[in-house]
Amino acid sequence: MDERTGRLANARPLLDASVTATALPDGSVDRRYTVEDRTGAVRSRESFGRRIAAGDAKSFYVDHQTTDPGGQAVNAARQFHALGDRTTLAGHLDHDIFETLPFETHSMGAPADVDVYEFESDAVMLTEESTGIETWRFETLERALADVDAALTADAVVWTNWASFPHATDALRELRERDPQGGVLVVDPGDVTVTDPATIPGFADALGALTDCYEVVVSANRAETQFLADAFDDSGEFDAGYEDDGSLARVVRDALGVDAFVVHEVEQAVAATRGLLAFVPNEPTSDPVRYTGAGDRFSAGLAHGRAAAGSWVESLALANACAAHYALRGETADPDALRAFID
């Protein structure tokens, strides 16, 4: 298998491109807080946990910082829009805060409520899920969108948070029945580690069937990727992990039957396709200001890159740059910001 490596500067050829893009199906209202107790600021998640466990502090004070439109699909749509793409968002957006979004939106129900407690080097999220996701199905999407076929045949489609939607696998199967003939479909399944491993083969079957309609790419972090590998392994031989992200991505891509599998981590992104391994190191993020939302910008950057005919190295470089810029600056980067960031 051919191996190629790159760097963030490889993203430059993709910064002038514009594609049509769709993101779906979640949404949340994200409220960010800092945390204090009677001794002052709580500086780390570990310290917060120790104080709770020890019973030394029974009450904490929170200082509200911001309230923002959130959710994986929303974050991806914001990155698409920042890159200059003609963007459609279909999500759970029944809240006034989503009226500020500067692109086409379609709501399918109430959003989740997410409280983000931010520390110096990490964050903790407490989520009250939307009740709408329990009943969300493909027909919900059809009702929300006047032209669902146009949205699903966009150059780039990002489908997020499969793990939180009980009927998402059925929705992917119904998508295949429509034979959409779209561009690239990037699926970020969310936190699969909380799901029943027995659901993963059905998920794989639904994704594999879509390779006749899209270039299907699945993107996950290392822990989620390891969980997917273990879900396909009856012998338990994978429990100790793989030698590297490349071999892990290759095994999971084969098991899912998709066109490509991407492992995205703080230090690098790795893509395994049917005949290629591509590696792009990330910009050091030793002093981030955001600990959530960067992965969603990664998904949009990756989808934009592939839809704009970028190579795997170029597309990974763009995805890494979008994610790293957001983590370090707390802002969704447009092409000018990305040029300055990677130079």
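Tutor: Asn161 is buried, with a relative accessible area of 12%. Keep in mind that this is a predicted model.

Student: Where is Asn161 found?

Tutor: Asn161 lies in the loop between β10 (156-160) and α5 (168-177). Its phi is positive, about 60°, although Asn161 is not a glycine.

Student: Why point that out?

Tutor: Because most residues other than glycine have a negative phi.

Student: What about Asp179, which phi does it have?

Tutor: Asp179 has a positive phi of about 50°, and it is not a glycine either. It sits in the loop between α5 and β11 (184-188).

Student: Is Asp179 buried or partly exposed?

Tutor: Asp179 is partly exposed, its relative accessible area being 40%. Asn161 is buried, at 12%; the cut-off for buried is under 20%.

Student: Ok. Where is the cis peptide bond?

Tutor: It joins Leu24 and Pro25, with omega about 0°. Pro25 is in the loop between β2 (20-24) and β3 (28-37). As background, most peptide bonds are trans.

Student: Switching to helices. How many residues of α7 are buried?

Tutor: Seven of the 10 residues in α7 (residues 222-231) are buried, so the helix is mostly covered. The buried ones are Glu224, Thr225, Gln226, Phe227, Leu228, Ala229 and Ala231.

Student: What happens at the start of α7?

Tutor: There, a side-chain oxygen of Asn221 comes to within 3.2 Å of the backbone nitrogen of Ala223.

Student: Last topic. How do α10 and α11 pack?

Tutor: Two packed helices are described by the angle between their axes and the distance between the axes. For α10 (residues 312-329) and α11 (residues 335-342), the angle is about 90° and the axes are 10 Å apart. That makes α10 roughly perpendicular to α11.

Student: Which residues meet there?

Tutor: From α10, they are Leu318, Ala321, Cys322, Ala324, His325, Leu328 and Arg329. From α11, they are Ala337, Leu338, Phe341 and Ile342.

Student: How many of those are nonpolar, polar or charged?

Tutor: In the contact of α10 with α11, nine residues are nonpolar, one is polar and one is charged. Arg329 is the charged one, since Arg counts as charged.

Terms used
Residues are numbered from 1 along each chain as its sequence is written. This is a predicted model: local features need pLDDT of at least 70, side-chain atom pairs count only at pLDDT 80 or more; totals for chains, interfaces and linings use all residues. Side-chain values use heavy atoms; hydrogens and water are left out. Buried means under 20% relative accessible area, exposed over 50%, partly exposed in between (1.4 Å probe, protein chains only). Helices (H or I, at least four residues) and strands (E, at least two) are DSSP runs, numbered from the N terminus. A polar contact is a pair of N or O atoms within 3.5 Å; within protein, one must be able to donate a hydrogen and the other to accept it, and residues adjacent in sequence count only if both atoms are side-chain atoms. Axes are lines fitted to C-alpha atoms, for helices over the stretch in contact, and angles run from 0 to 180 degrees between N-to-C directions. Angles under 35 degrees count as roughly parallel, over 145 as roughly antiparallel, 65 to 115 as roughly perpendicular and the rest as oblique. Contact means heavy atoms within 4.5 Å.
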